[in-house]
Amino acid sequence: MKHDYQYIYNKLYEHYGPQGWWPAETPFEMMMGSILVQNTSWRNVDKALINLRPFLHPEGIAQLPIEDLAQLIRPSGFFNIKAKRIKSYMAWFKTLEYDIDLIKKIDKHLLRNELLSIKGIGRETGDVILLYAFDTPIFIVDAYARRIFYRLGYDMPESYDAFRKQIEKELPRDLVLYNEFHALVVEHAKEHCKAKPICEGCPLLGICDCRLD
Ligand code: SF4
């Protein structure tokens, strides 16, 4: 009998404490960070954000020529592709007048479909934006979540949305809980459940199957 997902959340929360994500000064910076972090580490994103700092507002990024944007975000890797993705995102954002409060009022299902229709915004990036910029309680299925739940011994669905819904159907629709859950999963994957796990002292050791294959 496996423990419920709330139990896992509680264990991680007790151990690591509140994480207070996303690491950004504004929701707009958060959105840019969510695209820049694709396929790279946060350290590289930080360098790109420092370069972008003078332009880190919607009009600033919208007015930057794509070649200049690409050079500024070079430290984040895949910079030509990411510059295109940011421009596609900005084109969508402009249709909603760069108005985050307005966007928060859109039906969440509709909003998710809109985000996922933007070129370069996949489910993980879209859901990160939904959760941390547009206040939508949603579970993010990243590689860390897949790794941790697999090792714990849960047989989670392969498909992104089936995995997400399996977790969500057990949890209350609580924004703070989902905000913290993703951040705690990332923290746990960095502190204990690394590629080569450090199981000693792990808060989930007592309930873990330790499937490491
Ligand atoms: S006991 Fe080891 S494998 Fe299991 S969650 Fe903790 S670190 Fe990961």
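Let's start with helix α3, where N44, V45, A48, L49 and L52 are buried. Look down the axis of α3 and those buried residues fall within an arc of 140°, so they line one face of the helix. Keep in mind that this is a predicted model.

**Helix α2, tucked inside**
- How many of the ten residues of α2 are buried? Nine of them are, so α2 is largely enclosed by the rest of the structure.
- The buried ones are F28, E29, M30, M31, M32, G33, S34, I35 and L36.
- What covers the buried residues of α2? The cover includes α3 (42-52), α4 (58-63), α6, α7 (100-104) and α9 (123-132).

**Where α2 meets α6**
- Helix α2 spans residues 27-36 and helix α6 spans residues 79-95; the two pack at an angle of about 140°, with their axes 10 Å apart.
- As α2 passes α6, the crossing is right-handed.
- On the α2 side, the contact is made by F28, M31, M32, I35 and L36, while α6 brings in K82, R85, I86, Y89, M90 and F93.
- Sort that contact by class and you get nine nonpolar residues, two charged ones and no polar ones.

**The stretch listed in UniProt**
- An unreviewed UniProt entry lists residues 36-191 under "domain: HhH-GPD".
- In this model, residues 36-191 are 65% helix and 0% strand.
- The end C-alpha atoms of that stretch sit 23 Å apart.

**E191, at the end of that stretch**
- Which helix holds E191? That would be α12, which covers residues 175-191.
- Setting aside neighbours within four places in sequence, E191 is in contact with Y16 and I198.
- C202 is eleven residues away from E191 along the chain, and the C-alpha atoms of the two are separated by 8.8 Å.

Conventions. Residues numbered from 1 in each chain as written. Predicted model: local features only at pLDDT ≥ 70, side-chain atom pairs only at ≥ 80, totals over all residues. Heavy atoms only, no water. Axes fitted to C-alpha atoms, helices over the stretch in contact; angles between N-to-C directions. Helix = DSSP H or I, 4+ residues; strand = E, 2+ residues; numbered from the N terminus. Left-handed = near helix turned anticlockwise from the far one by under 90°. Contact = heavy atoms within 4.5 Å. Nonpolar A, V, L, I, M, F, W, Y, C, P; charged D, E, K, R; others polar. Buried < 20%, exposed > 50% of the residue type's maximum accessible area, 1.4 Å probe, protein only. UniProt positions renumbered as here; feature names shortened; annotations may be inferred. Arc of directions from axis to C-beta.
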